[in-house]
Amino acid sequence: MKADDPLLTILVCPLDKGPLSLLAPGDALYNPRLRRRYPILDGIPQLLPSSGEQLTDAEHLRALRRLTDREPGS
């Protein structure tokens with residue numbers, strides 16, 4: 001999955017129904033509101049509530065930095 005994939009505009013978090021952000025192409029989708037990361041396996045986002053993992057404070061900050069660093073040149 002790439003940052004310009006139109007699918008990203010319709011994918012939402014299964015828990016709060018809010019938008020998700022792509023952490024890195026093909027890596028994972030992230031919900032910063034709940035600090036949950038959903039893996040992408042073989043190009044398929046795993047969006048079951050049980051497939052998401054809770055990030056620690058340090059992991060959350062790293063994820064936010066990755067998102068912020070990528071935004072200007074997306």
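# Notebook: fold, cores and salt bridges

I looked up the elements and found one helix and five strands in the protein, with helices (H or I, at least four residues) and strands (E, at least two) taken as DSSP runs numbered from the N terminus. The model is predicted, so local features need pLDDT of at least 70 and side-chain atom pairs count only at pLDDT 80 or more, while totals for chains, interfaces and linings use all residues. Residues are numbered from 1 along each chain as its sequence is written, and side-chain values use heavy atoms, with hydrogens and water left out.

**Overall form.** From the N terminus on, I read the order β-β-β-β-β-α. The radius of gyration is 11 Å, close to the 11 Å of the globule rule for 74 residues, so the protein is as compact as a globular protein of that length. That radius is taken over C-alpha atoms, and the rule is 2.2 Å times the number of residues to the power 0.38. Along the principal axes, the C-alpha atoms fill a box of roughly 30 × 30 × 20 Å.

**Surface and contacts.** I noted an accessible surface of about 4,700 Å², of which 57% belongs to carbon and sulfur atoms; the areas come from the Shrake-Rupley method with a 1.4 Å probe, and for residues only the protein chains shown count as cover. Of the 74 residues, 31% count as buried (buried is under 20% relative accessible area, exposed over 50%, partly exposed in between; 1.4 Å probe, protein chains only). Among contacts (heavy atoms within 4.5 Å) between residues at least 6 apart in sequence, 29% join residues at least 24 apart.

**Cores.** I listed the largest nonpolar core as nine residues: Met1, Leu8, Leu11, Cys13, Leu20, Leu22, Leu29, Tyr38 and Ile40. Such a core is a set of buried Ala, Val, Leu, Ile, Met, Phe, Trp, Tyr and Cys residues joined through side-chain atoms within 4.5 Å. A second, separate core has six residues, including Ala28, Tyr30, Ala63 and Leu67.

Leu20 lies in the segment before β1 and is buried at a relative accessible area of 8%. Leaving aside neighbours within four places in sequence, Leu20 is in contact with Leu11, Val12, Cys13, Leu29, Tyr30, Asn31, Tyr38 and Leu47. For Cys13, not counting residues up to four places away, I found contacts with Gly18, Leu20, Asn31, Arg33, Leu34 and Tyr38.

**Salt bridges.** I counted four, the rule being a side-chain nitrogen of Lys or Arg within 4 Å of a carboxyl oxygen of Asp or Glu. I looked up these pairs among them.

- Asp16 and Arg33 meet at 2.9 Å, N to O. Asp16 is in the segment before β1 (21–24) and Arg33 in the loop between β2 (28–31) and β3 (36–41), 17 residues apart. Asp16 is partly exposed at 30% relative accessibility, and Arg33 is partly exposed at 44%.
- Asp27 and Arg66 meet at 2.9 Å, N to O. Asp27 is in the loop between β1 and β2 and Arg66 in helix α1 (residues 57–70), 39 residues apart. Asp27 is partly exposed at 33%, and Arg66 at 34%.
- Asp57 and Arg35 have their closest N and O atoms 2.4 Å apart. Asp57 lies in helix α1 and Arg35 in the loop between β2 and β3, so the pair ties together parts 22 residues apart in sequence. Asp57 is exposed at 54%, whereas Arg35 is partly exposed at 29%.
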